[in-house]
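Dear colleague,

Please find below the structure that I am handing over to you.

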Amino acid sequence: MIEVAFHARATNSPGLGRRAVTGMSLIEVMVSVLVLGIGLLGIAAMQSMALRGGQSSLESSQVVMATNAIIEAMRANRADAANYNTGGKRCAVTNGTTLAGNDVDNWITSLQASIPGATTCGTIAGCPNACVITVEWDDSRAGADQGGAARTIVTEARI
């Protein structure tokens, strides 16, 4: 019977010594964990900014849609379009007695419902010839890097 013994050793290879086959040191592992931790913190910060920016964008879109709704209400009630002027900033419902007053009250209510937790006010001026619709709200959740706390959107339209 022939017996063959084969032993491969890394230390027998030319150019490799005992030091070349040792594992990673604790310092190398700690440095790699530190680099990974800093990267994960950066990703978390970017996610937070994206969420705040997304909320601010959602609120802006809702304000634009509500503004377009009041413009369409004015166009549907052309004969009474001059009564849509608010005479200043409106932040509360006034229980209007006309169709125009009810439309403005519903507009203010929908603005405040679509942006919860914020003081939302609207102004309509210059109707029916050159309507200027201004909506102001508190966007402090978005932070200073997204444009600050006070947000204003102005829309101009002809009825």
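The protein chain of this predicted model contains two helices and three strands. Along the sequence, these elements follow the pattern α-α-β-β-β. The protein chain has 159 residues, of which 29% count as buried. It exposes about 10600 Å², and carbon and sulfur atoms supply 60% of that area. Among contacts between residues at least 6 apart in sequence, 53% join residues at least 24 apart.

Let us turn to the helices. Two packed helices are described by the angle between their axes and the distance between the axes. Helix α1 covers residues 26–76 and helix α2 covers residues 99–114; their axes come within 10 Å and cross at roughly 170 degrees. Because angles over 145 degrees count as roughly antiparallel, α1 is roughly antiparallel to α2. On the side of α1, the contact is made by Gln-62, Val-63, Ala-66, Thr-67, Ile-70 and Ala-73. Helix α2 contributes Asp-103, Val-104, Trp-107, Ser-110, Leu-111 and Ser-114. By class, seven residues in this contact are nonpolar, four are polar and one is charged.

The strands come next. Strand β1 (residues 121–125) is largely enclosed by the rest of the structure, because four of its five residues are buried. Five bridges join β1 to strand β2 (residues 131–138), and the two strands run antiparallel. Within this pairing, Gly-122 has Val-135 of β2 as its bridge partner. Together, β1 and β2 form a hairpin with five residues between them. In the turn, Gly-126 has a positive phi of about 80 degrees.

Yours sincerely

Methods:
Residues are numbered from 1 along each chain as its sequence is written. This is a predicted model: local features need pLDDT of at least 70, side-chain atom pairs count only at pLDDT 80 or more; totals for chains, interfaces and linings use all residues. Side-chain values use heavy atoms; hydrogens and water are left out. Buried means under 20% relative accessible area, exposed over 50%, partly exposed in between (1.4 Å probe, protein chains only). Contact means heavy atoms within 4.5 Å. Accessible areas come from the Shrake-Rupley method with a 1.4 Å probe; for residues, only the protein chains shown count as cover. Axes are lines fitted to C-alpha atoms, for helices over the stretch in contact, and angles run from 0 to 180 degrees between N-to-C directions. Angles under 35 degrees count as roughly parallel, over 145 as roughly antiparallel, 65 to 115 as roughly perpendicular and the rest as oblique. Ala, Val, Leu, Ile, Met, Phe, Trp, Tyr, Cys and Pro count as nonpolar, Asp, Glu, Lys and Arg as charged, and the others, Gly among them, as polar. Two strands pair if DSSP finds at least two bridges between them.
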